[in-house]
Amino acid sequence: MISCGSYTGNGSTTGPVLDLGFEPQFLITKPASAVGNWYMYDSLRGLTGSGANDAELYPASSGPEYAGRESINVNSTGFQLATSNTENNAS
C-alpha cells in the first residue's frame with residue numbers, strides 16, 4: 001500500500017497523529033512551505049514504536065545516515081511525529 005498526503009505540524013515533541021489505516025514501513029517527509037531536507041525512514045533501519053532512535057537518511061544530501069533522535073512513533077494505523085524539528089513538525 002502507498003499513501004501520499006500532507007499534514008500540518010504543531011512544533012511540539014507530541015506532534016500530530018497521522019492515520020494511514022495501516023502500519024507504515026517506509027516514510028519520506030519534506031517541508032512543503034520552507035526550504036529543508038528530505039527525510040527517509042524505514043523499518044529495516046529502525047523505524048519502530050515510541051522511544052526509538054530512528055535512523056534517518058537524507059536522499060538530497062551526500063551526508064551519512066544519522067541515528068540518535070526519536071522522530072517518529074509508529075503504530076498499527078499510522079504514525080505520530082515525536083520531534084519539534086521544524087523540517088518535520090513546524091507549527
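The structure is a predicted model, in which local features require pLDDT of at least 70 and side-chain atom pairs count only at pLDDT 80 or more, while totals for chains, interfaces and linings use all residues. Residues are numbered from 1 along each chain as its sequence is written, and side-chain values use heavy atoms, with hydrogens and water left out.

The chain contains one helix and seven strands; helices (H or I, at least four residues) and strands (E, at least two) are DSSP runs numbered from the N terminus. Their order along the sequence is β-β-β-β-β-β-β-α. The radius of gyration is 12 Å, close to the 12 Å given by the globule rule for 91 residues, so the chain is as compact as a globular protein of that length. This radius is taken over C-alpha atoms, and the globule rule is 2.2 Å times the number of residues to the power 0.38. The C-alpha trace spans about 35 × 30 × 25 Å along its principal axes.

Of the 91 residues in the chain, 37% are buried, where buried denotes under 20% relative accessible area (1.4 Å probe, protein chains only). The chain exposes about 5400 Å², of which carbon and sulfur atoms supply 50%; accessible areas come from the Shrake-Rupley method with a 1.4 Å probe, and for residues only the protein chains shown count as cover. Among contacts (heavy atoms within 4.5 Å) between residues at least 6 apart in sequence, 41% join residues at least 24 apart.

Strand β7 (residues 78-81) runs antiparallel to β1 (residues 17-19), and three bridges join the two. Two strands are taken to pair if DSSP finds at least two bridges between them. Within this pairing, aspartate 19 has glycine 78 in β7 as its bridge partner. Strand β7 also pairs with β6 (residues 72-75), again in the antiparallel sense, over four bridges. Asparagine 73 is bridged to glutamine 80 of β7. Two residues lie between β6 and β7, which form a hairpin.

Glutamate 56 is located in strand β4 (residues 54-56).

Key:
Buried means under 20% relative accessible area, exposed over 50%, partly exposed in between (1.4 Å probe, protein chains only).
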